[in-house]
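Subject: Structure handover

Hello,

Please find below the structure you asked to take over. My notes on it follow.

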Amino acid sequence: MPRYKLLIEYDGGPFVGWQMQADGASVQGVLTAAFQSLTQETVIVQGAGRTDAGVHALAQVAHADLGSEWRVDKLRDGLNACLRPHPVAVLSAEQVPDTFEARFSAIARHYRYRIVNRRPDLALDRGRAWRVPKPLDDRAMHAAARRLLGRHDFTTFRSTECQAPSPVKTLDRLDVERDGDDVRILASARSFLHNQVRSMVGSLVVVGEGKWSADDLAAVLEARDRTACGPVAPPEGLYLVRVDY
């Protein structure tokens, strides 16, 4: 059976997340339905990352096995026609060896979190960024973020519902950048715990507001206690931007 790798963009707002669930529409679910409509096959689409409800993707990666070969441009365009009007787009499709696994072959995942740091409400960016009205010290946030880099027990920044076998992860990148009112937090690792990025962002905002120092954030990490974490940032500011293989 030929295997196809898909590059997918989506607005996570209308969905319960990537993974199919009983209580609402999922990105995986609408893609599976699109394959069924296009190919008359029951296809399970496997994604690189199980994004939560409300989280967006600029370049989610998935794979699917089909019963026959398809021209990749025809597959892409056919899926997009079947996906309308859902805010999901297949950007590209390519045939890959059957050893390729969207999730398990990945060597790095890159996320961006977007904060709009201003008092006025959001108009164009509503549902696509977190508005933080209090001025943030992005330099203090960036300096504190350095304390989370490397291999650590990230229990503090892990959802109580996380199913990962270990809380130990290696964080390769955590940068804070500002461009006017936009504050972007860039995180990279081979894999993340459930809610890890949003939990780290929320705690960095506490630093940016002047309530915690970099030493405080390091102590929060070392506490290995979920109750020590700052508020979890809302999902609408988070984007999966790239997966490396």
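How are α1 and α2 oriented to each other? The model is predicted, and what follows was computed from it. Helix α1 (residues 27-39) and helix α2 (residues 72-83) have axes that come within 9 Å and cross at roughly 115°. The two helices are therefore roughly perpendicular to each other. Their crossing is right-handed. On the α1 side the contact is made by V30, L31, A34, F35, S37 and L38, and on the α2 side by L75, G78, L79, C82 and L83.

A second pair of helices is α3 (residues 138-145) and α4 (residues 196-208). They pack at an angle of about 130°, and their axes are 8 Å apart. That angle makes α3 oblique to α4. The crossing of α3 and α4 is right-handed. The residues that meet are A140, M141, A144 and A145 from α3, and L204, V205, V207 and G208 from α4.

Next, the strands. Strand β3 covers residues 56-65, and eight of its 10 residues are buried, so β3 is largely enclosed by the rest of the structure. These are its pairings:

- Strand β1 (residues 3-10) pairs with β3 in the antiparallel sense over seven bridges. In this pairing Y4 stands opposite A64.
- Strand β2 (residues 46-47) also pairs with β3 in the antiparallel sense, over two bridges. Here Q46 stands opposite H63.
- Strand β10 (residues 238-244) runs parallel to β3 and is joined to it by two bridges. H56 has Y239 of β10 as its bridge partner.

Another set of strands involves β8 (residues 168-179). Four bridges join it to strand β7 (residues 150-153), and the two run antiparallel. The bridge partner of G150 in β8 is L171. On to β9 (residues 182-189): eight bridges join it to β8, again antiparallel. D175 has L186 of β9 as its bridge partner. The hairpin of β8 and β9 has two residues between the strands, and G180 takes a positive phi near 65° in this hairpin.

Some single residues are worth looking up in the viewer.

H110 lies in strand β5 (residues 108-116). Is H110 buried or exposed? Its relative accessible area is 12%, so H110 is buried, the cut-off for buried being under 20%. The side chain of H110 makes a polar contact of 2.6 Å with the side chain of S188. Not counting residues up to four places away in sequence, H110 touches A187, S188, Y239, L240, V241, R242 and D244.

R198 is in helix α4. R198 is also buried, with a relative accessible area of 13%. Which backbone oxygen does the side chain of R198 reach? That of A233, at 2.7 Å. Leaving aside neighbours within four places in sequence, R198 is in contact with D52, Y113, P231, V232, A233, P234, P235 and L238.

P97 is found in the loop between β4 (88-96) and β5. With a relative accessible area of 55%, P97 is exposed. P97 and Y4 are 93 residues apart in sequence, but their C-alpha atoms are 8.4 Å apart in space.

Last, the backbone. Most residues other than glycine have a negative phi, and most peptide bonds are trans.

- The peptide bond from R84 to P85 is cis, with omega near 5°. P85 lies in the loop between α2 and β4.
- N195 has a positive phi, near 70°, and is not a glycine. N195 sits in the loop between β9 and α4. At 15% relative accessibility, N195 counts as buried.
- R224 is not a glycine either, and its phi is positive, at about 50°. R224 is found in the loop between α5 (214-223) and β10. R224 is partly exposed, with a relative accessible area of 48%.

Regards

Key. Residues are numbered from 1 along each chain as its sequence is written. This is a predicted model: local features need pLDDT of at least 70, side-chain atom pairs count only at pLDDT 80 or more; totals for chains, interfaces and linings use all residues. Side-chain values use heavy atoms; hydrogens and water are left out. Buried means under 20% relative accessible area, exposed over 50%, partly exposed in between (1.4 Å probe, protein chains only). A polar contact is a pair of N or O atoms within 3.5 Å; within protein, one must be able to donate a hydrogen and the other to accept it, and residues adjacent in sequence count only if both atoms are side-chain atoms. Contact means heavy atoms within 4.5 Å. Two strands pair if DSSP finds at least two bridges between them. Axes are lines fitted to C-alpha atoms, for helices over the stretch in contact, and angles run from 0 to 180 degrees between N-to-C directions. Angles under 35 degrees count as roughly parallel, over 145 as roughly antiparallel, 65 to 115 as roughly perpendicular and the rest as oblique. A crossing is left-handed if the near helix is turned anticlockwise from the far one by less than a right angle, and right-handed if clockwise.
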